[in-house]
Amino acid sequence: EASIGVNGLALHAVSSPRMKLPLACTRLYTHRITRPTSIRAQKWLCGFSNRGFYRSSTFRMATSKEPGYADIAAAADDPNEDAGGAHGANEETPRPRWIATLERNVAKNRKLPYAKYIQLATVAADGTPRCRTVVYRGLRRELKKPQRLTDDLVFCTDRRSEKMQQLSQNIATEICWYFPESREQLRIQGRCFLVGGDETSPQVAADGIREVSDNLPPSASDLVKLRRSLWKAMSEGAREQFDWAHPKAPLGSGEVAEKECDEDGVSENFVYALVVPSYVDHLTLKGNPQTRSVHYRDGCADAKSRALSVLPGDQLNEVVGGWTSLSVNP
């Protein structure tokens, strides 16, 4: 009997007394599983989960140079589709439970292109709700230490769009994200900050983010660089959409907008959007009974009040990475 560790994946090997096989041909099973950090370890785990156990006469240990488990989604997709953000575990700080859930589901649903589409709800000037689909572009990466990720979600928009007007007046937003393969849903409530166009000052956005989150808040110059990086990583076809005629103008009216770019070559219509979450509702529809948990950012009074409205204040399950998680009825 022996235990081995492979890049964070703890395995336990037990020889079979009946078969009297050498250790190299033994049955392997998970003794304790943390997040796998290599594609090889992740494939081994898939084989284990689908067949109960996995037999192999050889087991080559994965190296730390291989892509991480959460990087599989980015590696499998067109690099132009997931720009401006990133996936993967933080090496220096613990990750909130819901972020681990998000990363796991992005990886598990990587073969479904539409699994990257999220529903973004905003509030119109008359107080009525508005909802549309946007493309998830990853988590914001801390520029000074690229291996460190935040829990801020990235997408982009056109400064001429209606959601741009709504978010300029009310930054409150909610994302609803369903993962078909794993049958899990995340509802993410937070504040949306915009960078790009005449009305969206990077300094105003940076100050606003700092007020609601102390998780590696970006500077104004950081936001400018992130916007430029996202633009450059997008495909040519995606960039051209920002030079189309004005959205929702009568069909056939107007002309294609002249290409107006800043000194970095980024379209003036291109806006980098960042959702800083404060409350997350995670529902797993698979299984009977279903499971559900709520998570709120520490220090956010509104999110805490909403989370604790369903449970006594002293019934806390977990506090990790600046977030408190509670298990609740589905």
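Buried means under 20% relative accessible area, exposed over 50%, and partly exposed in between (1.4 Å probe, protein chains only). Keep that scale at hand for the tour.

This is a predicted model, in which local features need pLDDT of at least 70, side-chain atom pairs count only at pLDDT 80 or more, and totals for chains, interfaces and linings use all residues. Residues are numbered from 1 along each chain as its sequence is written, and side-chain values use heavy atoms, with hydrogens and water left out.

**Stop 1: R297 and D151**

Select R297. At 5% relative accessibility, R297 counts as buried. The term stands for a side-chain nitrogen of Lys or Arg within 4 Å of a carboxyl oxygen of Asp or Glu. R297 sits in strand β12 (residues 291-297) and D151 in strand β8, so the pair ties together parts 146 residues apart in sequence. Helices (H or I, at least four residues) and strands (E, at least two) are DSSP runs, numbered from the N terminus. The structure holds 11 salt bridges.

**Stop 2**

Keep D151 shown and select W98. Leaving aside neighbours within four places in sequence, W98 is in contact with D151, L153, I188, P277, V280, H295 and W323. Contact means heavy atoms within 4.5 Å.

Next, colour the largest nonpolar core, which has 25 residues. Such a core is a set of buried Ala, Val, Leu, Ile, Met, Phe, Trp, Tyr and Cys residues joined through side-chain atoms within 4.5 Å. Those touching the most other members include W98, L102, Y136 and W177. Among the elements giving two or more residues are α3 (97-108), β8 (149-158) and β10 (184-195). Apart from this core lies another, of 20 residues, among them C156, L230, W231 and F242.

**Stop 3: D158 and D243**

Select D158. D158 forms a salt bridge with R160, the closest N and O atoms being 2.9 Å apart. Both residues are buried. Then find D243, in the loop between α7 (236-240) and β11. D243 is buried, at 10%. The C-alpha atoms of D243 and D158 are separated by 9.6 Å, though the two are 85 residues apart along the chain.

**Stop 4: helix α5**

Finish on helix α5 (residues 202-212), where D207 and R210 lie three residues apart, about one turn of the helix. They form a salt bridge at 3.5 Å between the closest N and O atoms. D207 is partly exposed, at 34%. R210 is partly exposed as well, at 41%.
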